[in-house]
Amino acid sequence: MGSISKLSNLNPTYSPSTFNPKSCQPTVFLIKGFNGKTVFDQRVSSSRLTLRNNHASWGSLAVRCSSLAGNGSPTKRTVLHDLYEKEGQSPWYDNLCRPVTDLVPLIASGVRGVTSNPAIFQKAISTSNAYNEQFRELVQAGKDIESAYWELVVKDIQDACELFEPIYNETDGGDGYVSVEVSPRLADDTVGTVEAAKWLRKVVDRPNVYIKIPATAECVPSIKEVISLGISVNVTLIFSLARYEAVIDAYLDGLEASGLSDLSRVTSVASFFVSRVDTLVDKMLEKIGTPEALDLRGKAANAQAALAYKLYQKKFSGPRWEALVKKGAKKQRLLWASTSVKNPAYSDTLYVAPLIGPDTVSTMPDQALQAFIDHGAVSRTIDSNVSEAEGIYSALEKLGIDWGYVGSQLELEGVDSFKKSFDSLLDSLQEKANSLKLVSQQSKELNFGMASISAAGSLSVGKVNYCANVRPKPSRGFSEPAMRRIVGRYSNASSSSRICVPAIRGKDYGKTKMRYQDYTETESGLQYKVTYWDGHLVQDLRVGSGPTPKVGETVVVDWDGYTIGYYGRIFEARNKTKGGSFEGEDKEFYKFRVGSQQVIPAFEEAIAGMALGGIRRIVVPPELGYPDNDYNKSGPRPTTFSGQRALDFVLRNQGLIDKTLLFDIELLKIIPN
């Protein structure tokens, strides 16, 4: 949200009514509230949500981001119900993706709210097909990329809010919230954050939405202002006691400045991050290396959290707070965030089980949620041994651990991480938008000229194929060369196949060695594109007319890369329009010397067989790719952040079955020695 004014007229294309199709049958789920009352049955029945139950039974509580069916039938009573009913802690889910109806079984299992952040949306939107239809409509309607992003997000938040609204109503606004964060680009912009919060609250237009604002020094005044306007806030990225106290004061100041006679509908949570504290402090302790230091590993985060709860109890008591209570004010609950365990040596419930206490929230991602449901124990633990927590906190200080530095460093890392996720997602959406616009234009061309094409073979748009014996005939003002370009563009799959890279769908997906019948395979295992024109075999997407490069000569190439085994993610050399001709753009190109081992073996082999001006598509098996799975050791190297992330994920992910890559290469120039 770089410019609030630019987005102020956003009107989501998908209205809430699209979420409640009248054709589906009502389904009833039962959730017992704090006093044993039924919370969710009537609301879900009347809302007529589409519940897709293609699985025979519910095997996992993890939400799968997909465009396919939901996760199955609801579960029976779980430990999450005991957590809320016996100890007063609200379990929330730290994830959100489409279809949001996948949340229904989680609600039935005891989940009482949802948190999201830029990293969550980056993962959801970039790895799922469920957003494609709405995004296509937004692009076709002329929306810019950032506006389109916010419309995708707003729809998810609105739909989730409707799911949790029964809990919100049953608890009189005490629970059932869905959180959405302002743009991470505003982390150092006080006024911009206030405007963004006002805009988000208005456009989401749901009573149970929390606007997330980071607890940076610049945004603490924003929190006060937003609260004073009657907007409920989830304050995020809190890593230290000092900053937490400033957040509490901002909340109290905002309530006092609001001028509202009834404060009961202005609520807030303070998201205190846990596991990341241990990640940083453990590294510092290992650097110190003494037995005393090593013995404190894995203890810093929960110790500081226990002291945060003590501070919470102190600040929300006394005359100042009692005066606000008379106006209906509610406490700003502590929310434990970052509850997944980063160190596999630690218990998988380390940041959940020891932090149980009344008037708190624990938001858990899949790993932590499933672990606690499976073997978590419910008892009040957060203040069971405060003196021990104080001892650990002091012992760490004596060893030289600067808590101020820890908080500042983690805040910087958190803000930077969310900014990178946000920018990466916008890059991905821009790439997708460019592809959609390109295909739309090519479809118009093809439809206009198709009546004049007599083909003995087949045309395939949107997937790799070849077209045999296609003979263009001039018509409708097209010359034969023009018709030849139109047909050739599709028959050679030089552009449309970029939308759906070979074998990323269907039965071939995930194979460690993929072969294609319309590719030629060399002895080394490299495959390159074979196409046909007028019945003649052509070995490249475009055959050049010049010389072929020799060892020692420098070549200038343009290229695009794709990760076949990872949803066909692009790791292009630069931001540019994908597909079609490489011509018509003023850009820097990639240079390397043939035979110098400056590039991966597949690149060397492919270039050696190309003619000047030609375009070749190659399929690269892992053994001909990047040495040691490091793109910094050999070219070509992506220059965009999103491209580097996509390629790095594939190369370094040991659990990924297929690391096959695909490149399109154009040989632009040969420079003699």
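**Ile120 and other buried side chains**

A: Ile120 counts as buried because its relative accessibility is 10%, where buried means under 20% relative accessible area, exposed over 50% and partly exposed in between (1.4 Å probe, protein chains only). The model is predicted, so to speak for its limits: local features need pLDDT of at least 70, side-chain atom pairs count only at pLDDT 80 or more, and totals for chains, interfaces and linings use all residues. Residues are numbered from 1 along each chain as its sequence is written, and side-chain values use heavy atoms, with hydrogens and water left out.

Ile120 belongs to helix α5, residues 118-126; helices (H or I, at least four residues) and strands (E, at least two) are DSSP runs numbered from the N terminus. Setting aside residues up to four places away in sequence, Ile120 touches Asp94, Asn95, Leu96 and Thr115, with contact meaning heavy atoms within 4.5 Å. Phe418 is 298 residues from Ile120 in sequence, yet their C-alpha atoms are 9.4 Å apart.

Ser634 is in the loop between β18 (615-620) and α20 (641-652). It is buried because its relative accessibility is 9%. Beyond four places in sequence, Ser634 is in contact with Gln597, Gln598, Val599, Ile600, Tyr626 and Pro627.

The whole structure has zero disulfides, a disulfide being a pair of cysteine sulfur atoms within 2.5 Å.

Aromatic pairs number 22. Rings of Phe, Tyr and Trp (its six-membered ring) pair if their centres lie within 6.5 Å; planes under 30 degrees apart are stacked, over 60 edge-to-face, and the rest tilted. Tyr168 is buried at 6%, Tyr177 at 1% and Tyr210 at 1%. Elsewhere, Trp559, Phe571, Tyr590, Phe592, Phe603 and Phe663 make up one aromatic cluster.

Charges also sit over rings (NZ of Lys or CZ of Arg within 6 Å of the ring centre and within 35 degrees of the ring normal). Arg112 lies over the face of Tyr84 at 3.5 Å from the ring centre, and the charged end of Arg616 is over the ring of Tyr528, 4.2 Å from its centre.
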